Amino acid sequence: MRLSRYFLPVLKETPADAQIVSHRLMLRAGMIKQSSAGIYSWLPLGFKVLRKIENIVHEEQMRAGHIPMQMPTLQSADLWKESGRYDAYGEEMLRIKDRHDRDMLYTPTAEELITDIFRSNVSSYKDLPLTMYQIQWKFRDEIRPRFGVMRGREFYMKDGYNFDLTKEDALHAYNRHLVSYLRTYERMGLQAIPMRADGGPIGGDYTHEFLVLAETGESEVFYDSAVTDLTFGDREIDYDSVAQCQGVLEEFTSKYARTDETHDEALFNEIPEERRRVARGIEVGQIFYFGTKYSDALGAQVQTTEGEKVSVHMGSHGIGVSRLLGAIIEASHDDKGIIWPEGVTPFHAGIVNLKQGDAEADAACEAIEKALVAAGLEPLYDDRKERAGGKFATMDLIGLPWRITVGPRGLKNGVVELTSRRTGESEELAPEAAVAKLIEIYANHRVVGL
Ligand code: 5CA
């Protein structure tokens with residue numbers, strides 16, 4: 001992509017109404033534009049990161065054996081009246097009437113609709129276990145939408161639903177989700193800690209939230225500092241193995257880590273004092289096991305081997321896909337702008353031409369651009385006739401992890417400069433060597449973008 005042809009409306013001024021750094025940086029970097037309270041347009045740069053995050057979520061869900069599908073954003077109220085949540089959900093649900101005066105709603109979550117699909121099509125234990133998921137826009141009429149995409153009214157969520165014959169099977173599905181979520185967040189460069197939480201309007205008391213520690217987080221959290229030493233890493237996992245998934249759950253949830261809703265001061269005080277932490281966190285996901293709450297209400301039953309009809313055991317599992325952009329920026333930025341982790345960066349590298357119009361510099365930039373594209377990488381080439389300082393400031397603001405700087409002086413010695421956004425360190429390399437180094441860096445971060 002050439003910057004001269006792209007749409008990147010960066011702001012020079014810091015937007016006055018944005019209270020937290022991720023919101024300010026997303027506006028300044030031209031990633032989003034508010035269209036009304038808590039509702040945003042995703043401008044090209046923001047949309048690109050959203051898609052990268054979405055694709056990581058898809059890859060990890062499919063790796064865990066979960067099946068992608070898609071349900072509508074607008075639903076009839078009938079199913080929600082059947083489950084009892086039409087009245088129980090409260091003011092957060094956006095209710096709409098169609099031209100025939102029928103009650104509709106913009107889906108805040110989809111337990112009812114997926115359970116209806118299940119009950120219409122599945123009647124035997126032979127079709128279990130089954131886990132399906134979607135990544136779809138949701139709407140919750142939050143009383144105080146704020147912090148940009150962190151607490152929106154319209155937001156993008158992955159929601160997955162498991163159907164199992166027994167509680168044991170459903171808990172295996174729960175554990176599978178926990179493992180897949182650990183992998184998902186780590187690929188985005190995030191540490192998200194599973195913490196005991198509260199079921200809220202989804203229901204059930206068997207639930208964990210995944211929290212990214214950040215001062216600006218909306219949740220108060222209490223934990224044993226030993227949990228922050230845990231990483232999933234690149235270990236192999238067999239998602240069909242009950243023992244392996246259970247082992248990971250135990251490893252990641254046996255130390256004290258709770259949100260304020262479930263916090264227990266007495267238990268907390270049993271941790272050695274130097275390891276007790278009280279902090280704030282951003283909730284980027286939540287998993288639930290709620291047994292037969294929805295299958296009882298909606299009559300989702302299957303026949304067992306003995307011919308007996310039983311309600312299926314269910315859980316639902318969410319990831320805040322659009323919220324993750326804010327969480328990643330909160331966790332990874334400096335005073336110049338965003339610092340994208342390699343796994344989600346909108347472009348893999350920036351190319352800065354220090355002397356646009358100089359035949360040699362232009363040719364070198366174009367050759368580097370071509371070589372990166374041929375290797376399946378996406379460079380953003382700043383080919384504008386601007387001062388070097390302005391070009392650097394834009395690259396720093398939008399946070400591409402690597403920058404190749406090309407100028408006539410370096411080219412005389414056969415070199416360009418490769419700079420890390422995170423460390424600020426530069427090295428001089430032949431153009432081919434800089435390209436080779438980027439290919440190597442990104443070998444483990446292949447996510448298809450737009
Ligand atoms: N049905 C379940 C699981 S699929 C459910 O809806 N869970 S949830 O309420 O916890 O939402 C899942 C995730 O969506 C949350 O962990 C959070 O990361 C994200 N989320 C929730 N509300 C908002 C919001 N207003 N703005 C942005 N993200 C949100």
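Is F147 buried or exposed? F147 is buried, with a relative accessible area of 12%. Buried here means under 20% relative accessible area, exposed over 50%, and partly exposed in between (1.4 Å probe, protein chains only). The model is predicted: local features need pLDDT of at least 70, side-chain atom pairs count only at pLDDT 80 or more, and totals for chains, interfaces and linings use all residues. Residues are numbered from 1 along each chain as its sequence is written, and side-chain values use heavy atoms, with hydrogens and water left out.

F147 lies in the loop between β7 and β8. Helices (H or I, at least four residues) and strands (E, at least two) are DSSP runs, numbered from the N terminus. The phi angle of F147 is near 60°, a positive value in a residue other than glycine. D101 also has a positive phi, near 70°, and is likewise not a glycine. D101 is placed in the loop between β5 (94-97) and β6 (103-106). At 54% relative accessibility, D101 is exposed. A further backbone feature is found at P129. The peptide bond from L128 to P129 is cis, with omega near 0°. P129 belongs to the loop between α5 (111-121) and β7 (130-139).

Two strands pair if DSSP finds at least two bridges between them. Four bridges join β5 to β6. R95 stands opposite L105 in β6. In general, strands of a sheet pair through backbone hydrogen bonds, either parallel or antiparallel.

The structure holds one cavity of 30 Å³ or more. On a 1 Å grid over the protein atoms alone, a cavity is a set of points where a 1.4 Å probe fits but cannot get out; lining residues have an atom within 4 Å of a point. Grid points are joined across faces, edges and corners, and a volume is the space filled by probe spheres set on the points. The largest cavity has a volume of about 50 Å³. Its lining consists of Y40, W42, W137, V149, G152, E154, F155 and S322. β2 (39-42) and β8 (154-164) each supply at least two of the lining residues. By class, the lining has five nonpolar, two polar and one charged residues. Ala, Val, Leu, Ile, Met, Phe, Trp, Tyr, Cys and Pro count as nonpolar, Asp, Glu, Lys and Arg as charged, and the others, Gly among them, as polar.

S322 of the lining is also one of the buried residues of α10. Ten of the eleven residues of this helix (residues 321-331) are buried, so α10 is largely enclosed by the rest of the structure. Among the buried residues are V321, R323, L324 and E330.

Y289 is placed in strand β13 (residues 276-291). At 9% relative accessibility, Y289 is buried. Y289 and A170 are 119 residues apart in sequence and 7.3 Å apart in space, C-alpha to C-alpha. Y289 touches K167, A170, L171, Y174, G204, Y206, H313, M314 and G315, not counting residues up to four places away in sequence. Contact means heavy atoms within 4.5 Å.

Terms used:
On a 1 Å grid over the protein atoms alone, a cavity is a set of points where a 1.4 Å probe fits but cannot get out, and a pocket is an open set with protein on both sides within 12 Å along at least five of seven lines; lining residues have an atom within 4 Å of a point.
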